[in-house]
Amino acid sequence: VGESYTDLIASGDPAAAAPVETLLQVASHPDDAICSMSFNFWHRLSVHLTSNFSGGRKSRSSSQDGGQNAQPADSRELFKPAFRQLVSLIQERVKYPPGFAKWQKDDKADFRDMRYAVADTLCDAAHMLGGGETIAHLSQPLQRLSTEVAKGGQFQWQAAEAALYCIRSVHKVTPPSGDAWLLALFRSLPDLPAVPELRYTAAMTISDYADWLGATFRSGKGQDVLPILLQMLVTVLGQKEAASHSNGLNLGEDDIQQMGVAVALAVSSLPQEQRRAGLQAMLEPVLTPLQQLAQQLPLVPAPHGSHQQNGSAEDPKSSLVLALVDRLTVVFRHVDEPQAVAEAFGKAWPTIAALLDRFQGDPDAMERITRAPRYALRRTGKAGAVLLPLLLTSLPGQFARIQHSCLLYVASELIKVFGNDPTQNAALGRMLEQMLGSAAGSLRRLQDFSDKPDLADDTFLLAGRALHYCPASIATPTLLPMLLESASQGLLVQHREACQSVLAFLTRLCSPDKLARWPPKAQQALQAAFMQRGQALVRLLIAGACGALPTGRIPDISDALYSILKVSQQQGRQWVEQTLGLLPSEVAADSDKSHLLETSAATANAGADAGNLESLEDALQELSEVCRRNKRSQAAAHAALVI
């Protein structure tokens, strides 16, 4: 009834007040399952009454009207006593019960679900009451606990943890920055006893209020709070390795990393002159044990002819190393101090490089390890220029030994950051020639692309990014022929991402608007390379449209063929004509081929001018339908074009 008549109840009509009182009784029921039955009503009522006052809140219930008939402020005042009572009734339900560590797994899950539901409902109440009043009310158990301890009573960590959890749950409805009560609360957090569950919730509360803390500091208030909280968080982060395995919560690595985010946000909110020290404080409990453990791990070699190995990361010591690497990635990703991150990354790189060698047989571990340099480069930007000599020397050597695609991704980040810097083009070009040349050398047959699709995908993604930022580094007499030869071998790979990367590379390589900005030597290298391989590429593109690739790939094929025709013009038109001449008449009659011939000629004749792409795709679609009309025709087309 309460949910069905929310609109009427929200109007404040005294005749409709009874359901509110009744649902408060439901919320007071000792059975959590019965209590939670009232939560959707309180949510709907809160949304209805506040949607016009807090920026158009959206309901969690699909049947809620989103508060389009929101009531005036006096209606909100009418219902505030009920929401105050609701907060009092449900806030204690999040307290960890005695013996929780020994509960069954399903019972623990039910309890956590109830905590989440209470947190959502407290947030609804905060929208009604305001963040300041709600937090003051939720803090009362902490005040009572403090008074009891002062009188010699025992500290009940469960009560403190429950109060902090509730305060954390309303972080989206905060009081104004600099609120004295909330600042006092944060100032007291480092004094809490070192109970793992309590310290964890305190750390997560800091994380959720990081924006509020930053705004408070920028307003000139609470400047003494953030350094205190930072020290607490770093201490907790260092202890979590043991705590995550010993306490009843069984905190996972995701929880620990979220605490790392809290530390990073706190560091980023410090004055610039203090961020470097904060970053160093974060790195110490992560990098030092990582450096020590890295020397103790055995080599996990890649099996000959394969990049797949299972089980190495399941070793406890290896698992700990990878967890520490993930925490290092959190630091690089979230601390907003590019210069300091660049210096920290420089110190960490030898350890990262050693781990890449040791985990070379475990692709999943390699992916996790290379996230650290990727995020470090994104964070440092141009400030990472001091790292270039080290990385440009190390990466090609690493790739020559391991040849894992994730190293190409790191190189791609370097190109994104420094590729448009003319002073770095020569050094980047040498790196690309070594890494892409090595990759292309491993992708010489179609089977190579099928066996190593990730390597193929990242090879041509890197080549495509380099074409965008520093095209002269790709269009060289040495590297470009190798890439085109590799592309011609793998163009018909069935792996979607690998195939699309090859096609996108060809499209970007021959894009007329980009070619116009290339240096003359690069344009000459492209013309020379296409004279040797252009006909084979056109034949394979048309083969893909005629059945060698799925029909969903035809738009990508059209883009590539369009760009090739634009750059090769009449020579490209002849390549299309020669390719269509290979199709037997029983597969496609001259009339079936005419549309593609005409649109190819029109595209080539237009030169660098726009137009004809849609017509070209339509023509390829028509020819594709003819060649795919039955299995015999498709097989004959494949035999004629895939030589």
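Author: A residue is called buried when its relative accessible area is under 20%, exposed when that area is over 50%, and partly exposed in between, with a 1.4 Å probe and protein chains only. The structure above is a predicted model, in which local features need pLDDT of at least 70 and side-chain atom pairs count only at pLDDT 80 or more, whereas totals for chains, interfaces and linings use all residues. Residues are numbered from 1 along each chain as its sequence is written, and side-chain values use heavy atoms, with hydrogens and water left out.

Reader: Why is Ala277 called exposed?

Author: The relative accessible area of Ala277 is 51%, and the limit is over 50%, so Ala277 counts as exposed. This residue belongs to helix α15, which covers residues 272-294, and its C-alpha atom is separated by 61 Å from that of Pro14, 263 residues apart along the chain.

Reader: Why does Gln403 count as buried, and where in the chain is Gln403 placed?

Author: Gln403 has a relative accessibility of 14%, so it falls on the buried side of the cut-off. Its place is in the loop between α19 (388-402) and α20 (405-418), where Gln403 has a positive phi of about 50 degrees although it is not a glycine. Most residues other than glycine have a negative phi.

Reader: Which residues touch the most other members of the largest nonpolar core?

Author: In that core of 203 residues, they are Trp42, Phe186, Met431, Ile474, Phe505 and Leu509; the term denotes a set of buried Ala, Val, Leu, Ile, Met, Phe, Trp, Tyr and Cys residues joined through side-chain atoms within 4.5 Å. Helix α27 (residues 520-548) contributes the largest share of this core, 13 residues. Leaving aside residues up to four places away in sequence, Phe186 touches, among others, Ile206, Trp212 and Leu229, a contact being heavy atoms within 4.5 Å. Across the protein, buried residues make up 53% of the 643 residues.

Conventions. Helices (H or I, at least four residues) and strands (E, at least two) are DSSP runs, numbered from the N terminus.
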